[in-house]
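Please walk me through this structure in the viewer. I would like to know what to select at each stop and what is found there.

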Amino acid sequence: MKEFNVAEVGGGSYRPLAILRWVMVIIFVSFGMQKFTPQSAQGIAQFISNSPFISWLSVFGLRGEAYVLGVAEFVIAALLAAGSFSPVSSALGSFMGMVTFAITWSFFFTTPGVVKWSLSSDPMAWNLTGEFLFKDIVLLCVCAVLFLASLPQSVVRLRTG
């Protein structure tokens, strides 16, 4: 466990990763809060119903599936916050964040009407929903950086002490 890392106690270029952690905590708390509103539950229904990964959430009903996701996002936020003291919590929270954003980014491909593929001069055109989902690539990458930074140095040889 001692080999795992926490950005807040690191030195040099490693320490600013703490900023990314707290930005992700804020993002997951705000996303989690939104899932408890009727508008959000309605808004995400199309994504959930078309997802090969989380369509099973429909067993909880429209509001229930949003509540499950909201609670999951609060758990991720809590793990990331605890990660400022516990590198294992940091690794777990950031890994869960990576999974979350990989799934939500997959909506770009699984939700009908988000992307229009063609052989024209504009081979890939997306609507506002697609633009909204596209940001999840960046958020996935932030979680990946936090995850890698949390791992023992012996696992991630790219980082210097």
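**Stop 1: serine 40**

Select serine 40 and look past its sequence neighbours: leaving out residues up to four places away, serine 40 touches Gln34 and Lys35, where a contact means heavy atoms within 4.5 Å. Serine 40 sits in helix 2, residues 38-50. Helices here are DSSP runs of H or I with at least four residues, strands are runs of E with at least two, and both are numbered from the N terminus. Serine 40 counts as buried because its relative accessibility is 14%; buried means under 20% relative accessible area, exposed over 50%, and partly exposed in between, with a 1.4 Å probe and protein chains only.

The model is predicted, so local features need pLDDT of at least 70 and side-chain atom pairs count only at pLDDT 80 or more, while totals for chains, interfaces and linings use all residues. Residues are numbered from 1 along each chain as its sequence is written, and side-chain values use heavy atoms, without hydrogens and water.

**Stop 2: the whole chain**

Zoom out and colour by secondary structure. The protein has six helices and two strands, in the order α-α-α-α-β-β-α-α from the N terminus. Of its 161 residues, 42% count as buried. Among contacts with a separation of 6 or more, 62% are between residues 24 or more positions apart.

Now colour by pLDDT, the predictor's confidence in each residue from 0 to 100. The average for the protein is 85, and 79% of the residues score at least 70. Confidence is highest in helix 3, at a mean of 97, and lowest in strand 2 (residues 124-126), at 61. Where pLDDT is low, the predicted coordinates should not be read in detail.

**Stop 3: annotated spans**

Select residues 12-31, 66-85, 92-112 and 132-151, which an unreviewed UniProt entry labels "transmembrane region". Such annotations may be inferred rather than shown by experiment; feature names are shortened and positions follow the numbering used here. Residues 66-85 are 85% helix and 0% strand, with end C-alpha atoms 30 Å apart. For residues 132-151 the figures are 90% helix and 0% strand, and the end C-alpha atoms lie 31 Å apart.

**Stop 4: the nonpolar cores**

Show side chains for Met24, Phe28, Leu80, Phe101, Leu139, Cys143 and Leu146, the residues with the most contacts inside the largest nonpolar core, which has 17 residues. A nonpolar core is a set of buried Ala, Val, Leu, Ile, Met, Phe, Trp, Tyr and Cys residues joined through side-chain atoms within 4.5 Å. Helix 1 (17-34), helix 3 (61-82), helix 4 (87-110) and helix 6 (136-150) each give two or more residues to this core. A second, separate core of twelve residues includes Ile44, Ile48, Val114 and Val115.

Centre on cysteine 143 next. Apart from neighbours within four places in sequence, cysteine 143 is in contact with Met24, Phe28, Ser94, Gly97, Met98 and Phe101.

**Stop 5: the salt bridges**

How many salt bridges does a search of the whole structure find? There are two, each defined by a side-chain nitrogen of Lys or Arg within 4 Å of a carboxyl oxygen of Asp or Glu.

Select glutamate 73 and lysine 35, whose side chains meet at 3.2 Å, N to O. This pair links distant parts of the chain, 38 residues apart: glutamate 73 is in helix 3, and lysine 35 is in the loop between helix 1 and helix 2. Both glutamate 73 and lysine 35 are buried.

Finish at aspartate 136, which forms a salt bridge with lysine 135; their closest N and O atoms are 2.7 Å apart. Aspartate 136 is buried, at 2% relative accessible area, whereas lysine 135 is partly exposed, at 29%.
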